[in-house]
Amino acid sequence: MKIKLILVSILIAITTSSCVSTKSTLKNVDDNAPIPSLTPNNTFVLTEYSKDKKYGYDPDYPINVFYRNTKDENLNAERFLNALAGPNGEKITFSKIESCCPFPSKRTEIGAGFLDVYELKWEGKTEPLKLYVNIYEKGYLLVPIGLSIKK
């Protein structure tokens, strides 16, 4: 298992080294952003709405949820997504559909991170919504335009 992980890491390093710029294109990373509080249901407490229509919808403006180690790499993304609702309070479902958009990061062994793309659906929504989530960096967590805070 360890050898397989090493081989995958080497393969990723080789394939991303030519397409990862030395300068990050991410616009909303903030290492001073506070870690949000948790509800009793283990979701983030969200209180503010984004005013930027790119926030979460554009790969240069991902939702930066951060994580501490690979054991819990999806935990904060799920804590964030589980705190959201549709525009009128609808219950949402989500699934990770891909990883994309490599960028340089000092928080990974290979020197690059990837954004995770999540697809959100809710009753009455005909086309799924896609959000870009960054598990490697920190930023202020806001509710993207078009969504609301789960009650």
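Residues are numbered from 1 along each chain as its sequence is written. Local features are reported only at pLDDT of at least 70 and side-chain atom pairs only at pLDDT 80 or more, while totals for chains, interfaces and linings use all residues, and side-chain values rest on heavy atoms, with hydrogens and water left out.

**Fold**
- The protein chain holds two helices and six strands, where helices (H or I, at least four residues) and strands (E, at least two) are DSSP runs numbered from the N terminus.
- Read from the N terminus, the elements follow the order α-β-α-β-β-β-β-β.
- Four of the strands make an open, mixed sheet in the order β1-β5-β4-β3, with pairing taken to require at least two DSSP bridges between two strands.

**Nonpolar core**
- Of the 151 residues in the protein chain, 39% are buried, meaning under 20% relative accessible area with a 1.4 Å probe and protein chains only, whereas exposed means over 50% and partly exposed lies in between.
- The largest nonpolar core has 31 residues, and those with the most contacts inside it are L46, V65, F80, L84, L120, L141 and L147; such a core is a set of buried Ala, Val, Leu, Ile, Met, Phe, Trp, Tyr and Cys residues joined through side-chain atoms within 4.5 Å.
- Two or more residues of this core come from each of α2 (75-81), β3 (92-104), β4 (112-122) and β5 (129-134), and β4 gives the most, with five residues.
- Beyond four places in sequence, L141 touches P36, F44, L46, Y55, I63, N64, V65 and F80, a contact being heavy atoms within 4.5 Å.

**Serine 50**
- S50 lies in the loop between α1 (2-17) and β1, and S50 counts as buried because its relative accessibility is 8%.
- A polar atom of the S50 side chain lies 3.0 Å from the backbone nitrogen of D52.
- Apart from neighbours within four places in sequence, S50 is in contact with Y55, L142, V143, P144 and I145.

**Confidence**
- The average pLDDT of the protein chain is 87, and 83% of the residues score at least 70, on the predictor's per-residue confidence scale from 0 to 100.
- Over residues 4-11 the pLDDT stays under 50, and the model has one contact beyond four places in sequence for them.
- Where pLDDT is low, the predicted coordinates should not be read in detail.

Methods
Polar contact = N/O pair within 3.5 Å; in protein donor to acceptor, adjacent residues only side chain to side chain.
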